[in-house]
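Please work through the following exercises with the structure at hand.

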Amino acid sequence: MTSRYFLGLLGHPLGHSYSPLIHHTLLELTGLKGEYKLFDYTLKQLEEGAIASMLMSGVHGFNVTIPYKVLLHEKLPALTPAAKRVGAVNTVFRVDVDQEISLIGHNTDSTGFYKSLATPTQEKLAGGHALVLGGGGAARAVLAAMIFEGKTPAHRITLVMRSPEKAEALKVAFSEWVQETNAFTTLDVISTEALDAKRLALVDVLVNCTPVGMHPDTNATPLSLRQMEALNPQAHVVDLIYNPAETLLMTLARTHGCPIVQNGLGMLIHQAIDAFSTWTKLPAQDGWYEAVAARLQNKFNT
Ligand code: NAP
């Protein structure tokens, strides 16, 4: 058993991050000793061996954020299947064998996203039609979750991108996932302009994976009012944004009568809990999520 955990977040620039609060809460809840630091390193510092210095000082594992998620995916010699699928690393853990240290790149965004969904949303997704807005790193994790998490994959996924030609690598990865799981899932990648009322009326679950509507641009929405009026009113809506807690897209969805509307706070917490479990080998316990959510809520209210 590790006597003291040395954890942290690697990125640059690391402005405000909720990760220290989340992980210090988890350390407190589990009674484990340790600390979670911010490793704000430039690319030059990384090239000059910043990660080796982190290891020398005893780091057990760390999260990775902008702009290094893809870089570490390319550079780390070992990746978990989840990191390979998502094409990005958000969690790194170390394995020490015979005085040799190996660093393994992992990704907890897919599981974090799926666990954050309300149970009726997971059920609606199974065999349903998902509409995913945006085609970056978060969208890829969401798509992988729709195939690999849960008992039944989504039946149809429409991915809306302002530049659909950027989706070639994603399409290749997607067809491999479908083969691997024998899923009967089709993926359509379309432009924002091609998203018509007929398609919107068939959507079961809508997920916003673009930053549109994020603080400070809170008056922006990835779907127009007209498009939202064409959305199936029974659709469940998930916005991965958590700042603000209520985006304009979420307000439009509620006004439209959508029965379940949620933000990205749940994903943020679940991906962190999964990272913590990866480092400490402790499975998530009842009450962890609620305790972290309460701490973050206090933060949002102050
Ligand atoms: P990303 O890799 O930069 O991808 C963003 C995607 O959104 C790209 O496809 C981009 O298109 C598109 N986009 C950006 N601005 C747009 C606009 N004005 N109109 C239409 N499309 C636009 O970012 P990401 O890592 O996927 O993150 C996306 C969002 O998810 C962010 O808001 C992030 O905070 C959130 N997120 C939340 C969690 C969580 O735990 N809740 C986790 C990860 C991400 P182009 O490629 O054409 O620029």
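The exercises below concern a predicted model, and they treat a sheet, its helices and a pair of domains.

**Exercise 1.** Determine the order of the strands in the six-stranded sheet, and identify its edge strands.

*Solution.* Step 1: the six strands follow the order 9-8-7-10-11-12 in an open sheet, and their pairing is parallel. Step 2: strand 9 (186-191) and strand 12 (261-262) each pair on one side only, so these are the edge strands.

**Exercise 2.** State how many bridges join strand 10 to strand 11, and name the partner of Val207.

*Solution.* Step 1: strand 10 (residues 205-208) and strand 11 (residues 236-239) run parallel and are joined by four bridges. Step 2: Val207 has Val238 of strand 11 as its bridge partner.

**Exercise 3.** Describe which strands helix 8 and helix 9 lie across.

*Solution.* Step 1: helix 8 (residues 137-148) lies across strands 7, 8, 9 and 10, and its angle to strand 7 is about 170°. Step 2: helix 9 (residues 168-181) lies across strands 8 and 9, at about 170° to strand 9.

**Exercise 4.** Characterise the interface between domain 1 and domain 2.

*Solution.* Step 1: the domain assignment gives domain 1 as 4-108 + 268-301 and domain 2 as 119-259. Step 2: seven residues of domain 1 and eight residues of domain 2 take part in the contact. Step 3: about 620 Å² is buried between the domains, with 64% given by carbon and sulfur atoms. Step 4: one salt bridge is counted between the two domains. Glu180 and Arg85 form a salt bridge through their side chains, at 4.0 Å from N to O. Step 5: helix 5 (residues 81-86) gives the most to the domain 1 side, with three residues.

How values were computed. Residues are numbered from 1 along each chain as its sequence is written. This is a predicted model: local features need pLDDT of at least 70, side-chain atom pairs count only at pLDDT 80 or more; totals for chains, interfaces and linings use all residues. Side-chain values use heavy atoms; hydrogens and water are left out. Two strands pair if DSSP finds at least two bridges between them. Helices (H or I, at least four residues) and strands (E, at least two) are DSSP runs, numbered from the N terminus. Contact means heavy atoms within 4.5 Å. Axes are lines fitted to C-alpha atoms, for helices over the stretch in contact, and angles run from 0 to 180 degrees between N-to-C directions. Domain bounds come from an automatic or database domain assignment. Buried area is the accessible area (1.4 Å probe) that two parts lose on being put together, summed over both.
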